[in-house]
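Me: I have a structure open and would like to learn how to read it. Can we go through it step by step?

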Amino acid sequence: MGFPFETASWDVVDGAMFIGWGTVMPGVYTLIAAVICVYTLWAGNRAEQKHYKRVEK
Amino acid sequence: MEEQIAELTAQLAELTASAGVTNTMFAETFYYLTIPLMIIIHAGFLAYEMGASRTKNVLSSGVKNILAFAFMIPTFYFFGWWIYWALPTGITLSAGPAGISGGEYASSIALGWGDAAQYMGPNIADQASGVFFGAFALFAATTASIMSGAVIERIQTVGFIILAIVLGSFAWVVAAAWGWHADGWLVTKFGVHDFGAAGLVHAVAGFFALGVLINLGPRIGKFNADGSANHIAGHNMPLTITGLMLIIVGFFGFLMACVIVPGEAWSWFGDKGATIYGTPITLSALSFNILMAVAGGIIGAWIFTKDPFWMMSGALAGIISTASGLDIYFPAQAFVIAFSAGIIMKPCADWLERRGIDDAVGAVTVHGTIGLYGVIMLGVMASGFPALQGAAGEVPVITLTGQIIGAAVFGLLGFVPGYGVSFILKKMGMLRTPAAAEIAGLDTTKVPAQGYPEGIPVSAAPAE
């Protein structure tokens with residue numbers, strides 16, 4: 001993912017200036033971030049239930 | 001002569017451009033600074049509910065509050081921001097009269113992929129989207145925090161986070177789209193005016209918490225067999241009271257963020273500030289009215305309670321009860337309304353407790369009941385005032401009926417998802433901690449750290 005303009009100079013940038021602009025990568029990162037959140041909740045719940053079971057024993 | 005005119009014209013253009021840059025930088029800085037101020041609200045809620053917890057649960061309460069903040073930001077980024085712009089006209093996702101709403105509009109500015117991504121990340125030509133997003137994300141975090149304190153000492157962490165996401169990145173956002181947007185149907189059809197979000201943040205959060213509390217049930221030991229209630233004291237009243245004061249500090253940032261600054265392409269006016277409805281407002285108005293409301297709430301609460309917890313809750317109730325009309329109340333009027341809120345707050349909390357609801361910090365009353373009270377009081381006090389910017393005879397005006405309808409919608413937007421989602425979590429075994437964990441303490445059950453490894457000294461007995 002290189003600089004998305006022909007000339008490697010900030011002078012040619014007049015809008016979005018983040019890595020991956022104009023490609024599918026922002027969407028890919030958004031998806032990964034969302035998956036991380038969902039996975040964390042799933043894994044966190046599993047760990048939490050284990051803690052409760054240990055106390056109940 | 002012509003040369004001089006050309007030179008002056010060039011200088012004027014340069015000055016105009018320079019003034020524009022200054023204004024844009026001011027606008028960006030204005031909203032940027034509201035973000036750390038609103039994080040102080042979160043710090044306040046953290047201290048507030050940790051202090052209100054017993055020592056055996058203090059860190060667990062903190063963990064869940066911190067996680068609520070952490071999950072609120074990305075989920076608001078993923079879909080909350082889109083909901084705000086998509087839903088003002090209702091569930092049809094159609095565009096409203098102001099042209100800044102609807103599914104198509106939202107998809108062009110508020111998604112993290114495709115062309116819309118240019119407004120959801122660093123952009124040298126856009127100095128507004130990020131700070132607006134930040135301010136709204138912190139509104140969301142505040143909303144979730146309000147529910148957090150009510151459910152301490154017996155709610156599961158992940159279950160709570162799911163509820164926080166539903167409240168902070170969905171329920172209040174729908175309320176904001178409907179009642180806190182120039183195209184919102186509650187505004188355009190009923191003239192609902194809620195400048196400082198008494199209904200769409202506080203009441204939504206308070207009634208969401210009520211829905212959750214019904215399914216969650218009271219803490220073990222809260223109620224006796226005959227239904228009478230026991231007071232479960234938190235372990236650190238000074239921490240709780242300081243937390244409440246921090247919330248007050250942060251609310252100056254929250255309410256400041258409700259102002260639309262002048263002079264930008266997206267501003268309502270070139271020369272004066274506006275509310276989100278385009279009606280005029282000044283920061284001076286906020287300064288007068290917030291301070292008088294804080295004072296009125298404290299004094300009203302002190303009369304009957306003499307309790308510093310309820311006095312500081314009264315300060316919060318004072319702000320909330322006047323929030324809908326902070327733009328137009330006279331300061332002494334704000335004081336009177338806040339004073340009345342401070343008085344009715346504790347009896348309302350006691351009424352709820354007598355019905356078997358264990359709200360550990362009084363959030364349902366302070367935010368929910370007083371939030372609705374504030375929305376309706378504006379209808380009593382300000383009927384006939386324009387609710388939206390526009391020509392005379394063409395804009396909706398504030399009415400008592402409109403404010404009551406708004407209050408009812410806000411209450412339901414909180415209660416229904418709060419009750420429904422917590423009911424589902426209960427059926428899935430993800431809502432309440434097992435009794436053994438609650439009795440042993442949630443810190444020792446699941447937090448790998450100690451709040452007070454060296455213990456804390458016992459304080460003096462309370463006065464009669």
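Me: Where do I start with chain B? What share of its residues is buried?
Reply: Begin with burial. In chain B, 55% of the 464 residues are buried. Keep in mind that this is a predicted model.

Me: How many of the contacts in chain B link residues 24 or more positions apart?
Reply: Take the contacts with a separation of 6 or more. Of these, 77% join residues 24 or more positions apart.

Me: Now chain A. What secondary structure does chain A have?
Reply: Chain A comes to one helix and zero strands. Run the globule test again. The rule gives 10 Å for 57 residues, but the radius of gyration of chain A is 21 Å, so chain A is more spread out than a compact globule. Its C-alpha trace spans about 65 × 15 × 15 Å along the principal axes.

Me: And how much of chain A is buried?
Reply: Buried residues are 5% of the 57 in chain A.

Me: What about the core? Which residues have the most contacts inside the largest one?
Reply: The largest nonpolar core holds 160 residues. Met147(B), Ala164(B), Trp172(B), Val204(B) and Ala209(B) have the most contacts inside it. Next, ask which element supplies it. Helix H5 of chain B, residues 157-179, gives the most, with 17 residues.

Me: Can we zoom in on one of these? What does Ala209(B) touch?
Reply: Set aside residues up to four places away in sequence. Ala209(B) then touches Ile146(B), Met147(B), Ala150(B), Val151(B), Ala363(B), Val364(B), Gly368(B) and Gly418(B).

Me: How do I describe a helix pair? At what angle do H7(B) and H13(B) cross?
Reply: Give the distance, the angle and the hand. The axes of H7(B), residues 198-216, and H13(B), residues 400-427, come within 7 Å and cross at roughly 35°. The crossing is right-handed. The residues in this contact are 18 nonpolar, nine polar and one charged.

Me: Let me try another pair. How far apart are the axes of H10(B) and H12(B)?
Reply: The axes of H10(B), residues 308-322, and H12(B), residues 363-381, lie 7 Å apart, at an angle of about 35°. This crossing is right-handed. Residues making the contact include Leu316(B) and Ile320(B) of H10(B), and Ile370(B) and Met377(B) of H12(B). The contact has seven nonpolar, six polar and no charged residues.

Me: How do I read a single residue? Is Ile376(B) buried or exposed?
Reply: Count the C-beta atoms around it. The cut-off for buried is 20 or more others within 10 Å. Ile376(B) has 20, so it is buried. Ile376(B) lies in helix H12 of chain B. Beyond its neighbours within four places in sequence, Ile376(B) is in contact with Gln403(B), Ile404(B) and Ala407(B).

Me: And Ser267(B), where does it lie?
Reply: Ser267(B) lies in the loop between helices H8 and H9 of chain B. With 18 other C-beta atoms within 10 Å, Ser267(B) is partly exposed.

Me: One last residue. How far is Gly243(B) from Glu49(B)?
Reply: Compare sequence with space. Gly243(B) and Glu49(B) are 194 residues apart along the chain, yet their C-alpha atoms are separated by 8.2 Å. Gly243(B) sits in helix H8 of chain B. With 25 C-beta neighbours inside 10 Å, Gly243(B) counts as buried. Among the residues that Gly243(B) touches are Phe45(B), Tyr48(B) and Gly51(B).

Key:
Residues numbered from 1 in each chain as written. Chains lettered and ligands numbered in written order. Predicted model: local features only at pLDDT ≥ 70, side-chain atom pairs only at ≥ 80, totals over all residues. Core = buried A, V, L, I, M, F, W, Y, C linked by C-beta atoms within 7 Å. Buried ≥ 20, exposed ≤ 12 C-beta atoms within 10 Å, placed from the backbone. Helix = DSSP H or I, 4+ residues; strand = E, 2+ residues; numbered from the N terminus. Contact = placed C-beta atoms within 7 Å. Rg over C-alpha atoms; globule rule 2.2 N^0.38 Å. Axes fitted to C-alpha atoms, helices over the stretch in contact; angles between N-to-C directions. Left-handed = near helix turned anticlockwise from the far one by under 90°. Nonpolar A, V, L, I, M, F, W, Y, C, P; charged D, E, K, R; others polar.
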